[in-house]
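Please have the structure open as you read.

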Amino acid sequence: MIMKQLVRCWMAAFAIAFALPALADDLRIATRTSEPPLDPHFMWTDANVGYYMQIYGGLTAQSNDGKVLPYLAESWTAMDGGKTWRFKLRQDARFSDGTPVTADDVVASYKRMQTLKASAPFTGAITGLQEARKVDDHTVDIVTSKSNPILPQRVSLIQIIPAKIAASAATADFSDGKMAIGFGPYKLVSLKAGDSLVMTRNPDFFGPPAKWDKVTYRFIPDGGARVAALLGKDVDMIDAVPPALAARLKDDASVSMVMGPSSRVLFLTIDTNRPQTPFAFDAQGRPLAKNPYADPRVRQALSLALDRKAIVDRVLGGMAYPASQITTKGFGGYDDTLAVSAPDPVKATKLLADAGFPQGFSMTIHCTNDRFIEDARVCQAIGQMFSRIGLKVNVQTMPNAVLTPRAMDPNGERFSIAMMGWSDSSGEAQVLNTVVHTPDTANGFGSWNWGRYSNPQVDRFLEQAVNQMDAPRRHELMKQAMRMAMDDYGFIPLYSQSVVVALRKGLTYKTWVTEQTIADSVSKVQP
């Protein structure tokens with residue numbers, strides 16, 4: 001299987017994705033996300049990658065609709081049945097400090113990514129990754145233990161930094177920004193915790209020039225405050241428009257709104273594996289001796305307690321879609337036979353009684369309050385629905401920067417139930433490999449499996465699928481794994497989000513299915 005892209009094709013595709021020409025202007029964006037760690041290998045989230053891809057850069061890039069584009073690599077070829085992919089690097093790429101980008105930088109960056117003690121490691125992005133190997137100064141092989149049919153898409157997530165930095169820098173060394181050296185269209189100026197990230201056009205970028213002289217991201221997690229900043233002309237754009245305020249923005253002549261599709265699905269991840277879970281208690285407040293969520297009847301009861309349509313309509317203002325599974329319709333691995341569960345609190349109560357909890361029990365749900373649209377309000381609504389089947393519910397919300405490291409700590413307390421969102425840009429349900437498969441660090445499976453869900457039959461389907469070069473066969477195996485995990489209530493799907501942004505009049509925006517907020521997707525409206 002050979003995949004080659006010529007430079008002229010890349011230039012055309014990249015110009016479409018990041019719209020020419022350069023604009024002699026500054027851009028101010030208010031975003032719901034918190035500041036990213038400047039170490040591009042420390043915490044894998046889509047939001048963080050959205051910043052990194054503008055400053056650092058990978059072997060490949062992705063368009064706003066998830067298509068793979070040449071980037072540092074101008075072409076690539078599958079070898080050894082897909083176990084090795086050879087990437088030919090551009091010879092005109094330079095880091096923002098002026099030094100050329102070579103295969104040594106790629107190899108050093110991949111080695112660092114594989115060995116760094118990270119909060120949310122990127123190792124799960126490439127299943128079975130063995131090594132990056134230099135062939136010559138502008139050729140590198142990425143080697144996996146088995147065939148990896150979607151590797152060209154996955155390498156877009158791994159950021160390349162200078163070898164001299166990759167060889168010795170710890171995460172803390174990036175904190176002052178001096179080591180934030182990449183080859184993206186922008187270069188970092190400053191990052192102020194809890195306040196802003198500022199970047200300017202990189203004049204040495206090898207592709208179409210960045211559209212804006214200067215871009216300022218302001219971190220404003222509160223939706224009402226973001227709207228106020230836009231209406232007060234303090235910013236030019238806001239992401240994650242709060243559903244409750246969407247009507248007000250639509251009626252304002254100084255503002256335009258843009259809505260697009262998202263590949264993100266929100267769901268509940270559940271501690272199914274530990275004998276005792278830390279956030280489940282009896283009526284006297286004593287920890288339950290046995291983990292109630294290990295029983296699939298309890299998990300099914302939780303699913304039946306939820307009125308997903310009510311959450312979408314009342315909390316999200318209709319700007320989402322109830323989900324039957326944890327990937328998006330149209331993606332490889334999506335199972336059309338799975339229906340959205342209708343609420344049935346009577347059956348849910350009976351299932352709890354059958355599982356030994358006729359009076360229910362006390363539980364805690366953990367959610368972010370700055371990561372997804374109305375995430376804290378959604379979490380409160382879920383808690384209310386669970387209380388209707390006899391459960392005593394405590395809802396705890398916190399910033400994503402606090403929740404994710406706790407959830408990812410294999411030796412920590414973690415959570416019993418937490419709300420999670422996952423977005424795939426590959427066109428396939430890679431969530432199955434990263435979130436559903438039993439954690440397997442050596443082979444890159446289950447790196448985001450917060451609840452340590454484990455189902456050997458699901459794992460077998462996924463291990464067959466991940467190395468299957470034939471896409472229809474691969475998708476069928478993934479579909480079987482999805483159906484089995486959903487029938488087991490290993491995860492409880494909630495809804496699929498939409499991307500909704502608002503801009504000052506005269507600007508427009510091309511939305512990203514990954515919900516990343518990208519500066520060069522903002523354009524001036526042509527007269």
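The model is predicted. K233 is exposed, with a relative accessible area of 57%. Its place is in the loop between α6 (223-231) and β12 (237-238). Phi of K233 is near 65 degrees, a positive value in a residue that is not glycine. Most residues other than glycine have a negative phi.

A240 also has a positive phi, about 50 degrees, and is not a glycine. This residue sits in the loop between β12 and α7 (243-250). A240 is buried, with a relative accessible area of 7%. The cut-off for buried is under 20%, so A240 qualifies.

## Helix α3

Helix α3 spans residues 103-115, which makes 13 residues. From first C-alpha to last, α3 reaches 18 Å, close to the 18 Å expected at 1.5 Å a residue.

Which residues of α3 are buried? They are A103, D105, V106, A108, S109, Y110, R112 and M113. Their cover includes the strands β6 (84-89), β7 (129-136) and β8 (139-144), along with helix α5 (163-166).

## The largest pocket

The largest pocket holds about 480 Å³ of space. Its lining has 20 residues. Nearest the centre lie P121, M408, P410, T441 and S447. By class, the lining has nine nonpolar, seven polar and four charged residues.

Helix α3 returns here: α3 and α12 (400-408) each supply at least two lining residues. Domain 1 (26-254 + 505-524) and domain 2 (262-498) each give at least three residues to the lining.

Key
Residues are numbered from 1 along each chain as its sequence is written. This is a predicted model: local features need pLDDT of at least 70, side-chain atom pairs count only at pLDDT 80 or more; totals for chains, interfaces and linings use all residues. Side-chain values use heavy atoms; hydrogens and water are left out. Helices (H or I, at least four residues) and strands (E, at least two) are DSSP runs, numbered from the N terminus. The expected span of a helix is 1.5 Å times one less than its number of residues. Buried means under 20% relative accessible area, exposed over 50%, partly exposed in between (1.4 Å probe, protein chains only). Contact means heavy atoms within 4.5 Å. On a 1 Å grid over the protein atoms alone, a cavity is a set of points where a 1.4 Å probe fits but cannot get out, and a pocket is an open set with protein on both sides within 12 Å along at least five of seven lines; lining residues have an atom within 4 Å of a point. Grid points are joined across faces, edges and corners, and a volume is the space filled by probe spheres set on the points. Ala, Val, Leu, Ile, Met, Phe, Trp, Tyr, Cys and Pro count as nonpolar, Asp, Glu, Lys and Arg as charged, and the others, Gly among them, as polar. Domain bounds come from an automatic or database domain assignment.
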